[in-house]
Amino acid sequence: MSDTKKEKIIGIDLGTSNSAASVLVGGKPTTIPSAEGASQYGKSFPSYVAFTDDGQMLVGEPARRQAVTNPENTISAIKRSMGTDHKVTVNGKQYSPQEISAFILQKIKKDAETFLGEPIQKAVITVPAYFDDNQRTATKDAGTIAGLDVVRLVNEPTAASLAYGLDKSEEDDMNIMVYDLGGG
């Protein structure tokens, strides 16, 4: 019997409004909470990145909290620009959608490592079913920039149907329909 521990792969829903992450712990899907725990259900990561006047970067809940008082330096819904040449300019510096998304993914990676008590290298990231090749490549690039090995991109509705079937036995032969009512 080997003492080697199987490397964990986290699943990330990189959302327009909020992002979320989960991992299998003891064979059961477990939501990885954001460190702040103040967002929807105390677990999701608001998909916000902000820069303060003194150059500090805020990601997730801290960025969302100050969005009203610092709108010109706060970025949200960057997912809508994935796969395009669009750049956001903040404090005189330009960022691609991949770079902004990478900041969100880095936050998720950091909080996942704290939650699990071990380093995380690999992830599966969900994308909308309608994303084209450029948008999918941009999403994968964001993961790479964040320091993640993106093992696979999975369509969001497909991920939902796979998650639904996790606890079903092979005898439970059924058809299911998934409707993706996203925040975007």
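Guide: Happy to. Let's start with Glu156, which forms a salt bridge with Lys79, the closest N and O atoms being 2.8 Å apart. Glu156 lies in helix H4 and Lys79 in the loop between strand E7 (74–76) and strand E8 (88–90), so the pair ties together parts that are 77 residues apart in sequence. A salt bridge here is a side-chain nitrogen of Lys or Arg within 4 Å of a carboxyl oxygen of Asp or Glu. Helices (H or I, at least four residues) and strands (E, at least two) are DSSP runs, numbered from the N terminus.

Before going further, a word on the source: this is a predicted model, in which local features need pLDDT of at least 70 and side-chain atom pairs count only at pLDDT 80 or more, while totals for chains, interfaces and linings use all residues. Residues are numbered from 1 along each chain as its sequence is written, and side-chain values use heavy atoms, with hydrogens and water left out.

Both partners of that pair are buried: Glu156 has a relative accessible area of 15%, and Lys79 comes to 12%. Buried means under 20% relative accessible area, exposed over 50%, and partly exposed in between (1.4 Å probe, protein chains only).

Glu61 forms a salt bridge with Arg64, with 2.5 Å between the closest N and O atoms. Both residues belong to helix H1 (residues 61–65), where they sit three residues apart, about one turn of the helix. Glu61 is buried at 2% relative accessible area, whereas Arg64 is partly exposed at 36%.

Glu113 is partly exposed, with 23% relative accessibility, and Lys109 is buried, with 14%. Elsewhere, salt bridges that share partners join Glu36, Lys107 and Asp111 into one network.

The protein chain has four helices and 11 strands, and 40% of its 184 residues count as buried. Returning to helix H4 (residues 156–164), Tyr164 lies there as well, and Tyr164 is partly exposed at 39% relative accessibility.
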